[in-house]
Amino acid sequence: MNACRPWRRRVLQALCLTLAGSALPFAAHAQANYPDRPLRIIVPFTAGGSSDIQGRLLAEHLGKLYGQSVVVENRPGAGGHIGGKYVADSGPDGYTLLLGSIGLHATYGVYKTLNYRPADDLKLITIVAEMPHVVVANPDLPANTLGELTALARAKPDTIHFGSAGVGSSVHMVGELYKMAAQAPIVHIPYRGSSAATNDLLGGQIQLLFENVPTTIGYIQTGKLRALAITGATRSPALPNVPTAAEAGLPGLTVTSWTTLAASKDVPDALIQKISADLRRVYADPAFRAGLERLGMTPVGNSPAEAREFVERERARWNKVIETEHISAG
């Protein structure tokens, strides 16, 4: 019996090497033919918000490039983490992608009991776009400038309510940054998405949003909402008459939000690099870039490595806000 064991071991080793060798061409073939069926982009927020708008624009142009349907699927909840976990568990084929956000990649520390870890379970492909937020108020709020808002908040603490797309979302975190920078006691009301918060702002149930430009620009232009400031370093070309927060006397509110395209950790790096290369062709299309710019967004389209470095810096920055303000979603 003992004499047979080395022979058996050699046979098993040869069999393993044969199987491994046969799998490599198969994997390479699968990636070379990617995609040969429809893809999905999971938007982890409700339809109508900034992430949804970007996801649909990206799906349209990727679909043209690939000659395949690219379907946007909204899976909101838990500040985007229901959709994030879904993509993390979607497997290695790369046919389910995620339109990620600050909330998913940089501020998930507000959730103490997440059943996955975004930094480990999602692979970044690119930063899709970067954009400022706009401080928008219901017209009934007696504040026409950022300075007047701060004075009102200090005079009547905890009476002004601001909405967000959920705890830890960029819309929430920019509001918390305003509270810190302006020492303005306002109250956060979380929603399941930006569109729901915007509807309540229009209806007067809340008074304030620190929202992305694409979600609110139409309401600002028609006078249904009042823009008080832009949080970018420069004025937005989409809203050239709205001052920056720094111009309005609050440089501490100079901040942007951003979105990503990401995949499950199980997707091979070679396929991540292929999708990244394909995206560069999308970003070379002036129509795609113009679509983002019309919405007040700055196209990015960087490499997976550059995206990872950027997100790591942002995560460190927002963790300081989370710790200072003791923010927790439970």
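Reader: Which residues are linked in a network of salt bridges?
Author: Asp-36, Arg-37 and Asp-93 are. Keep in mind that this is a predicted model.

Reader: OK, and how far apart are the closest N and O atoms of Asp-36 and Arg-37?
Author: They sit 3.9 Å apart in that salt bridge. The cut-off is 4 Å, so the pair counts.

Reader: Is Asp-36 buried or exposed?
Author: Asp-36 is exposed, because its relative accessible area is 52% and the limit is over 50%. Arg-37 comes out at 37%, so this residue is partly exposed.

Reader: How many salt bridges does the structure hold?
Author: There are 14 of them.

Reader: Let's pick another. What does Glu-60 form a salt bridge with?
Author: With Lys-64, and the closest N and O atoms there are 3.4 Å apart.

Reader: Where do Glu-60 and Lys-64 lie?
Author: Both are in helix α2, which covers residues 50–66. They are four residues apart, about one turn of the helix.

Reader: And the accessibility of those two?
Author: Glu-60 has a relative accessible area of 41%, so it is partly exposed. Lys-64 reaches 61% and therefore counts as exposed.

Reader: What about Glu-247, which side chain does it meet in a salt bridge?
Author: The side chain of Arg-235, at 2.9 Å from N to O. Glu-247 and Arg-235 are twelve residues apart, both in the loop between β8 (226–230) and β9 (256–264).

Reader: Are they buried, partly exposed or exposed?
Author: Glu-247 is partly exposed at 49% relative accessible area. Arg-235 is partly exposed too, at 37% relative accessibility.

Reader: Why can side chains like these pair at all?
Author: Opposite charges can pair when the charged atoms come close.

Reader: Switching topic: where does Thr-96 lie?
Author: In strand β3, residues 96–101.

Reader: Why does Thr-96 count as buried?
Author: Its relative accessibility is 7%, and buried means under 20%.

Reader: What does the side chain of Thr-96 make a polar contact with?
Author: With the side chain of Arg-40, at 3.2 Å.

Reader: Which other residues is Thr-96 in contact with, leaving aside neighbours within four places in sequence?
Author: Besides Arg-40, there are Ile-42, Tyr-86, Val-87 and Ser-90.

Methods:
Residues are numbered from 1 along each chain as its sequence is written. This is a predicted model: local features need pLDDT of at least 70, side-chain atom pairs count only at pLDDT 80 or more; totals for chains, interfaces and linings use all residues. Side-chain values use heavy atoms; hydrogens and water are left out. Helices (H or I, at least four residues) and strands (E, at least two) are DSSP runs, numbered from the N terminus. Buried means under 20% relative accessible area, exposed over 50%, partly exposed in between (1.4 Å probe, protein chains only). A polar contact is a pair of N or O atoms within 3.5 Å; within protein, one must be able to donate a hydrogen and the other to accept it, and residues adjacent in sequence count only if both atoms are side-chain atoms. Contact means heavy atoms within 4.5 Å.
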